[in-house]
Amino acid sequence: MSPRILDEQQTYAAATVSQCADALEEALRAGLPGEPDPARIFVDLPPGELLLMPSRVTGTPTVKLVTIHHDADRPDPRIKGVHVVFDPVSLAPTVVMDAAALTVTRTTAVSIVALRAIAKPDCDSLVVFGAGPQARAHIDAIIAEWPIRNVTVVARRPERAADMVADATIRNPDVEFTLVSSTEAAPALREARIIVCATTATSALFDAGDTRDDVAAVAVGTHSATCCELPSELVARSFVVVEERESALCEAGDVVCAITAGLMGQIGRAHV
């Protein structure tokens with residue numbers, strides 16, 4: 001039997017971010033059954049890298065294969081790939097879905113789970129750094145769960161961000177959207193209740209002093225231990241939430257950079 005093929009739109013339509021967040025929250029609270037999954041594998045390629053992410057903890061074997069291009073200015077998406085689900089008995093592939101769409105949905109859902117734990121219920125202002133698929137998905141998902149009235153988008157490519165803001169305005173007509181450059185972001189940051197960083201930046205996108213003490217900040221743009229989007233000073237004074245402690249200490253640059261700078265100690269179990 002040939003596996004069922006889900007393209008990008010079919011993968012997005014399979015479940016909403018909110019539904020995925022509910023499922024992830026339940027799974028994280030329940031804990032992982034048996035041995036943890038193998039660590040994901042990174043393979044360097046001339047124009048980027050290949051990531052292999054196998055999983056077996058649910059009893060249904062799966063593997064996500066994605067390539068990430070180093071050139072963030074390419075007209076096509078930087079992330080491409082497939083996610084394959086195998087039958088647990090015959091080990092035959094049963095479903096092949098679009099990995100880029102799955103990654104956007106899953107990453108945004110993890111952010112929502114974290115924000116449910118740390119963001120205040122009355123959060124009404126949002127700042128988003130980035131204009132790619134992750135930024136788009138985070139805007140819609142956060143608006144769906146919090147009474148957001150103002151969204152400020154900060155992007156280095158205004159033409160791409162303008163299209164995203166126009167689309168988001170159509171989907172969320174009751175929300176005021178503003179597009180600014182990084183040099184103009186400080187006033188919005190000082191008022192923001194939630195900040196999302198979804199960029200290819202390798203260093204902090206803003207100053208820690210430009211944020212509220214009760215801000216909830218999410219960083220999803222990097223998986224390198226030497227790169228960060230959040231200022232280490234902000235991370236060090238925050239309650240840090242990560243999905244999995246060991247992986248975070250290897251790949252979450254926002255956490256690792258703060259530890260390396262001597263601004264915070266190793267994250268404890270209470271922070272996971």
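Biologist: In this predicted model, which residues does Thr11 touch, leaving aside those up to four places away in sequence?

Modeller: Thr11 touches Leu6, Met97, Asp98, Ala101 and Leu102. Thr11 itself lies in helix 1, which covers residues 8-14.

Biologist: Why does Thr11 count as buried?

Modeller: A residue is called buried when its relative accessible area is under 20%. Thr11 has 8% relative accessibility, and therefore Thr11 counts as buried.

Biologist: How far apart are Thr11 and Arg212, in sequence and in space?

Modeller: Thr11 and Arg212 are separated by 201 residues in sequence, and their C-alpha atoms are 37 Å apart.

Biologist: Let us turn to the packing of helices. What describes two packed helices?

Modeller: Two values are used: the angle between the axes and the distance between the axes. For helix 3 (residues 99-118) and helix 4, the angle is about 40 degrees and the axes are 9 Å apart.

Biologist: Why are helix 4 and helix 5 called roughly parallel?

Modeller: The axes of helix 4 (residues 133-145) and helix 5 (residues 158-171) cross at roughly 25 degrees and come within 11 Å. Since the cut-off for roughly parallel is under 35 degrees, helix 4 and helix 5 are therefore roughly parallel to each other. Their contact involves Pro133, Ala135, Arg136, Ile139 and Asp140 of helix 4, together with Arg160, Asp163, Met164, Asp167 and Arg171 of helix 5. The residues of this contact comprise 4 nonpolar, no polar and 6 charged.

Biologist: How do you know that the span of helix 4 agrees with its number of residues?

Modeller: At 1.5 Å a residue, the 13 residues of helix 4 should span 18 Å. The C-alpha atoms at its ends are 19 Å apart, which agrees.

Biologist: Which residues of helix 4 are buried?

Modeller: The buried residues of helix 4 are Gln134, Ala135, Ala137, His138, Ile139, Ala141, Ile142 and Ile143.

Key
Residues are numbered from 1 along each chain as its sequence is written. This is a predicted model: local features need pLDDT of at least 70, side-chain atom pairs count only at pLDDT 80 or more; totals for chains, interfaces and linings use all residues. Side-chain values use heavy atoms; hydrogens and water are left out. Axes are lines fitted to C-alpha atoms, for helices over the stretch in contact, and angles run from 0 to 180 degrees between N-to-C directions. Helices (H or I, at least four residues) and strands (E, at least two) are DSSP runs, numbered from the N terminus. Angles under 35 degrees count as roughly parallel, over 145 as roughly antiparallel, 65 to 115 as roughly perpendicular and the rest as oblique. Contact means heavy atoms within 4.5 Å. Ala, Val, Leu, Ile, Met, Phe, Trp, Tyr, Cys and Pro count as nonpolar, Asp, Glu, Lys and Arg as charged, and the others, Gly among them, as polar. The expected span of a helix is 1.5 Å times one less than its number of residues. Buried means under 20% relative accessible area, exposed over 50%, partly exposed in between (1.4 Å probe, protein chains only).
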